[in-house]
Amino acid sequence: RAAKSETKITLGEVLEKTSLILGEGGSLFLILPYIRFKELIKLSNHFNFCVHRVRLVFSFEDGKPERFLVQLTNYQAFTEEMKPLIIFKAKGIYSEEMDKILTG
């Protein structure tokens with residue numbers, strides 16, 4: 001609950017603290033609501049993080065992005081926009097990729 005609602009620490013504080021303790025060549029991985037994307041980019045630049053990988057997450061292929069997965073690095077790296085992750089192919093039926101993720 002604390003992470004989801006930021007009752008104990010803000011996104012900015014997470015990035016600030018991580019930037020202080022992350023070892024050389026380190027990465028930080030986050031899953032955030034899509035509406036926070038621009039905020040994360042601004043904050044990551046402020047704390048000298050580079051957006052290395054980004055993947056949008058959709059419930060359905062024809063929907064809007066709801067979340068995004070991101071890898072931030074403390075070293076210079078090119079930004080890779082990965083193909084979107086689609087959770088469902090139909091109501092109540094997982095996509096093939098999501099089914100593989102859930103079943104291993």
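User: Which residues form a nonpolar patch on the surface?

Analyst: This is a predicted model, where local features need pLDDT of at least 70, side-chain atom pairs count only at pLDDT 80 or more, and totals for chains, interfaces and linings use all residues. Residues are numbered from 1 along each chain as its sequence is written, and side-chain values use heavy atoms, with hydrogens and water left out. A patch takes residues with over 30% relative accessible area and no salt bridge, and joins nonpolar side chains within 5 Å; a salt bridge puts a Lys or Arg side-chain nitrogen within 4 Å of an Asp or Glu carboxyl oxygen. Here, Tyr94, Ile101 and Leu102 do it, with about 290 Å² of accessible area together (Shrake-Rupley, 1.4 Å probe).

User: Where is isoleucine 101, and how exposed is it?

Analyst: Buried means under 20% relative accessible area, exposed over 50%, partly exposed in between. Ile101 sits in helix 4, residues 96-103 (DSSP H or I runs of at least four residues; strands are E runs of at least two). At 48%, Ile101 is partly exposed.

User: And what about the largest nonpolar core?

Analyst: Think of buried nonpolar residues joined through side-chain atoms within 4.5 Å. This one has 14 residues, with Leu11, Leu32 and Val70 among those with the most contacts inside it. Helix 2, helix 3 and strands 1, 2 and 3 each supply at least two residues.

User: What does leucine 32 contact beyond its neighbours within four places in sequence?

Analyst: Contact means heavy atoms within 4.5 Å. Leu32 touches Leu11, Leu40, Glu66, Arg67 and Phe68.

Terms used: Buried < 20%, exposed > 50% of the residue type's maximum accessible area, 1.4 Å probe, protein only. Patch = residues over 30% accessible without salt bridge, like charges linked within 9 Å, V, L, I, M, F, W, Y side chains within 5 Å.
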